Amino acid sequence: MTRQRVLDLVGLAARLVLGAVLLVAGGAKVGNPLGSARAVQGYDVMPFEVARYVGYALPWVEIVIGLLLVLGLFTRISAVLGTLLMFAFVVGIAQAWARGLTIDCGCFGGGGQVAESETKYGREILRDVGFALCGVWLVVRESSTYSLDRTLFGDNKEHA
Amino acid sequence: MSSQDRKAKAAAAASRSNRGANAFVVGGIVVIIAMVVIVSGAIWATTQSGGVDSASELPQGVEEGQPFEPYAGTNPPEDAPVVDVYEDFRCPACKGFEQATGETITQLAEDGEIRLRVHLKTVIDSLTGGESSAVAGSSAICAADQGKWTEYHKALFALQPASETKDGFAEETYTEAAKMAGLSGDDLAAWQQCTDAHSYVDYVQSVDDASVQDGITGTPVIEVEGTRLNWGGLIDQEKQQVDTDRLKQILTSGKVPEDLVATQ
């Protein structure tokens, strides 16, 4: 296997990990808009009503970006958006931690207030940073195996 | 640039355009689809919580987001202690709270010794999806319209589903509770119509919004003159009974003793 091919496979893995996580996270929240709104409101960073609509839209945003990553369509742009999303989550969790709020991240459904002993901020942040790194890889090196980018736009985009 | 280079470039460009789809066209389509999915998803979510089909009424003399006072008719004196109860018909701990303290609180409110304000919440809806907590709350205010708040409140808690699922209460459970509460004839018909119309669903959801903004995200919560009471501290663990006398004393005095102030 050439070095090129190995790196392309790493790209595929990064796409599938970040894409699948976004799809699962979005899918888990999509049937429960009130819960999703309450989770975003729990972070207490936006006006109450704004947080409601962010909560309504977020699962769909995650699903769209997740799908694009899994399919490998417009990989770099999708990866930029996915990475920004993960960083936003990290910042959100970190500020909740720093301010002494006791909430569940609501990452895969759930969310809202929990008992102080039930918070898992450190683990949640580490996990999201890990997902963000998958995104960073794809931003730096977009090319990957089995991508729609390659099928649709040919090999010329590969080594960008 | 030599003509050969130019030819090579042109050939390369030609082969590119022959081989690949137009990124701008595909990109445009993807962006449009993404926007449509996200926007229609958010709009759908709005209709999911806040039922477009609901009649959207307010209980008599109550504003949006404000608590419901089931015993306002008893006209408690000005200086009667204000007791706020936050509850959700689908919450198991609320059922326990109702069974342990319901009679005492009801009695005090009926006698005008306290001013009871009920905040119907939708905590379990936000955990499981659906709007069964809100529909249940709406049906209880429909019962209050027919003068059967106390009885219906008790009956519906007794009929609480064993597990918390999106479906929540079955429609026939409400009717069963209404009959247990003693509704019949025209009163039952009026209650049924009010319940089926989801008349107060929007109102109950507005109460939940308001209380979340006040930092009350769980249930049950009881506040005496604004101080949160650790009601679990009144339960005798051996007998599994609540210290009714002490509860009465706390509620009618309007003062929560320091050892029973809830921190969370």
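**Chains, contact and pocket**

Q: Where does UniProt put the transmembrane region of chain B?
A: The UniProt record (unreviewed entry) puts a "transmembrane region" at residues 21–45 of chain B. UniProt positions follow the numbering used here, feature names are shortened, and annotations may be inferred rather than shown by experiment.

Q: How much of residues 21–45 is helix?
A: That span of chain B is 92% helix and 0% strand. Its end C-alpha atoms are 35 Å apart. Helices are DSSP runs of H or I with at least four residues, strands are runs of E with at least two, and both are numbered from the N terminus.

Q: What kind of model is this, and how are things numbered?
A: This is a predicted model: local features need pLDDT of at least 70, side-chain atom pairs count only at pLDDT 80 or more, and totals for chains, interfaces and linings use all residues. Residues are numbered from 1 along each chain as its sequence is written, chains are lettered from A and ligands numbered from 1 in the order written, and side-chain values use heavy atoms, with hydrogens and water left out.

Q: OK, chain A. What is its secondary structure?
A: Six helices and two strands. From the N terminus the order is α-α-α-α-β-β-α-α. The C-alpha atoms fill a box of roughly 50 × 25 × 20 Å along the principal axes.

Q: Which transmembrane regions does UniProt list there?
A: Residues 12–30, 50–71 and 78–98 of chain A, from an unreviewed entry. Residues 12–30 are 100% helix, with end C-alpha atoms 26 Å apart. Residues 78–98 are also 100% helix, and there the ends lie 30 Å apart.

Q: Which domain does the record place on chain A?
A: "Methylamine utilisation protein MauE", at residues 9–140, again from an unreviewed entry. That span is 77% helix and 3% strand. Its end C-alpha atoms lie 15 Å apart.

Q: How many salt bridges across it?
A: Three. A salt bridge is a side-chain nitrogen of Lys or Arg within 4 Å of a carboxyl oxygen of Asp or Glu. B:Asp209 pairs with A:Arg38 at 2.9 Å, N to O.

Q: What does A:Arg52 pair with?
A: A:Glu49, with the closest N and O atoms 2.9 Å apart. Both lie in α3 (residues 48–71) of chain A, three residues apart, about one turn of the helix.

Q: And A:Leu101, where is that?
A: In the loop between α4 (75–98) and β1 (103–104) of chain A. Beyond its neighbours within four places in sequence, A:Leu101 contacts A:Gly42, A:Tyr43, A:Asp44, A:Ala96 and A:Tyr121.

Q: Last thing. What lines the largest pocket?
A: The lining divides into 15 nonpolar, 16 polar and six charged residues. Ala, Val, Leu, Ile, Met, Phe, Trp, Tyr, Cys and Pro count as nonpolar, Asp, Glu, Lys and Arg as charged, and the others, Gly among them, as polar. α2(A) gives the most, with four residues.

Notes. Contact = heavy atoms within 4.5 Å.
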